[in-house]
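Dear colleague,

Please find below the structure that I am handing over to you. My notes on what was found in it follow directly after.

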Amino acid sequence: MSVAFVKEESAEAAAETLLPDRPVSPHPNLVTEAGLKALEQQLEAARAAYEATTGIEDVNERRRQAAGPLRDLRYYAERVHSAQLVPPPETHDRVAFGGTVTFSRSDGRVQTYRIVGEDEADPKTGSISYVSPVARLLLGKEVGDVVSMGEQELEIVAVG
């Protein structure tokens with residue numbers, strides 16, 4: 001076949017449209033009610049972004065523009081499908097999924113986090129994943145309990 005009949009752009013566009021899937025955690029996909037709603041909203045946003053690309057006439061440009069939304073669509077569809085809704089804790093006597101915990105570190109810092117699912121965790125806004133090292137140490141503990149994390153000691157001062 002003559003090179004005149006092959007568009008180099010097509011090969012480049014095809015390579016760009018083969019984005020690897022976003023990694024999916026091997027842990028159970030535990031979610032709070034807010035976390036499930038956020039996943040559903042992200043799924044709808046990915047669906048809308050993908051549908052917005054269907055009107056692009058140039059097939060190479062359409063593939064390029066659809067690659068990211070299509071990958072996100074696959075990811076969020078899987079996360080919504082595998083979500084296991086965990087009701088909020090009934091009591092606040094122990095650190096539990098969906099609850100908050102305040103602890104003091106041996107260096108004097110005091111931190112408060114809500115323990116949530118992996119997709120909704122954002123330490124900057126005060127939430128950590130239930131599979132994070134800190135959360136795993138604290139889950140099931142009570143006010144006054146002390147756990148060691150490396151050379152740090154964490155004492156639970158409040159559970160909510």
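A residue is called buried if its relative accessible area is under 20%, exposed if it is over 50%, and partly exposed in between (1.4 Å probe, protein chains only). By that definition, buried residues account for 29% of the 160 residues in the chain.

Please note that this is a predicted model, in which local features need pLDDT of at least 70 and side-chain atom pairs count only at pLDDT 80 or more, while totals for chains, interfaces and linings use all residues. Residues are numbered from 1 along each chain as its sequence is written, and side-chain values use heavy atoms, with hydrogens and water left out.

Overall composition

The chain contains four helices and seven strands; these are DSSP runs numbered from the N terminus, with helices being H or I of at least four residues and strands E of at least two. Along the sequence, their pattern is α-β-α-α-β-β-β-β-α-β-β. The chain exposes about 9800 Å², of which carbon and sulfur atoms supply 54%; the accessible areas come from the Shrake-Rupley method with a 1.4 Å probe, and for residues only the protein chains shown count as cover. Contact means heavy atoms within 4.5 Å. Of the contacts between residues at least 6 apart in sequence, 56% join residues at least 24 apart.

The sheet

Five strands form an open sheet of mixed pairing, in the order S5-S4-S3-S7-S6; two strands pair if DSSP finds at least two bridges between them. Strands S5 (127-129) and S6 (146-149) each have a single partner strand and stand at the edges, so one side of each is left without a neighbour in the sheet. Strand S3 (residues 100-105) and strand S4 (residues 110-116) run antiparallel and are joined by five bridges. Phenylalanine 103 stands opposite glutamine 111 in S4.

Two buried residues

Threonine 102 lies in strand S3 and is buried, its relative accessible area being 16%. Beyond its neighbours within four places in sequence, threonine 102 is in contact with Val110, Gln111, Thr112, Glu155, Ile156, Val157 and Ala158.

Valine 31 belongs to strand S1 (residues 30-31) and counts as buried at 4% relative accessibility. Leaving aside neighbours within four places in sequence, the contacts of valine 31 include Leu36, Leu39, Ala83, Val86, Phe97 and Glu120. The C-alpha atoms of valine 31 and proline 87 are separated by 8.8 Å, although these residues are 56 residues apart along the chain.

Yours sincerely
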